[in-house]
Amino acid sequence: LHKTVYVLFLLFQILGAVILGFGVWILADKTSFIAVLQMSSPSLKTGAYILIGVGALTMLMGFLGCLGAVNEIRCLLVLYFTCLMIILLTQIAAALVIYFQKDTLKGELSNIVVDLIENYDPSDEDKRNLQDAWDYVQMQIACCGWTGAKEWENNEILRNKSNTEYPCSCSNRSTDLVEGRGFCNLDDPVNGTATYADWPVHEQGCMDGVEQWLKDNLGIILGVCTGVAIIELLGMILSISLCKNIHSEDYTKVPKS
């Protein structure tokens, strides 16, 4: 039994470390779509801090649960069970909120990216990290804008230059991607003006690319979430079983009158 306890609670240490590490990664990542979200949306940054807290709590509970099981301390096992139940219920609630609010979240995400595109300014050092992250997304997914390149026509700098420049990170020419950020000059603008249709850029919007990435990785995401839930349920069942065994043993040790 002790070997089973050690293995299960070791899994909780690893699980807690993974959750904590994921939260730290969200905060530290500066070169992906996650970076665009966490630098633009306070809710994602708050979520990252929650993940760090849950990961640290899971690791602590794993230690306390192991200590309680080995030394047969019922209060620690009850505390372990209670915390696991709270974490599991919180995860279920978060999943339900994401599922039922997905259209709202999608709209919020769209607003974040559209605002970023409209106010994109390579000379603005305060937004350098955020803009570099979005450039990275457009290059990696080979996309332009959120729904399409036309959104870049609303950028103030490009509008003032009659769209004779275009975002380098959208380009389908390898020479433009060497720079990877800022704006590139259109070779032969007609009468000194142009539209997005004249730009040598990708036609696909990044929204389609992000949705396709989620679809491709949905099985992995669901599998990880299911595995985490199963481990948590096993921990709850084991802690309750140990509590009952401790109670039974204590009862049998009571001297008969």
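Mentor: One term to start: buried means under 20% relative accessible area, exposed over 50%, and partly exposed in between (1.4 Å probe, protein chains only). This is a predicted model, where local features need pLDDT of at least 70, side-chain atom pairs count only at pLDDT 80 or more, and totals for chains, interfaces and linings use all residues. Residues are numbered from 1 along each chain as its sequence is written, and side-chain values use heavy atoms, leaving out hydrogens and water.
Trainee: What does Cys-144 pair with?
Mentor: Cys-170, with 2.2 Å from S to S. Cys-144 sits in the loop between H6 and H7 and Cys-170 in the loop between strand S1 (165-167) and helix H8 (174-177), so the link ties together parts 26 residues apart in sequence. Helices (H or I, at least four residues) and strands (E, at least two) are DSSP runs, numbered from the N terminus.
Trainee: Are Cys-144 and Cys-170 buried or exposed?
Mentor: Buried, both of them.
Trainee: And which residue is joined to Cys-143?
Mentor: Cys-206, at 1.9 Å S to S. That link is right-handed, with 85° about the S-S bond.
Trainee: Which cysteine does Cys-168 bond to?
Mentor: Cys-184, at 2.0 Å, and both Cys-168 and Cys-184 are buried.
Trainee: New topic: is Cys-75 buried or exposed?
Mentor: Cys-75 is exposed, at 55% relative accessible area, whereas Cys-83 is buried at 14%.

Conventions. A disulfide is a pair of cysteine sulfur atoms within 2.5 Å.
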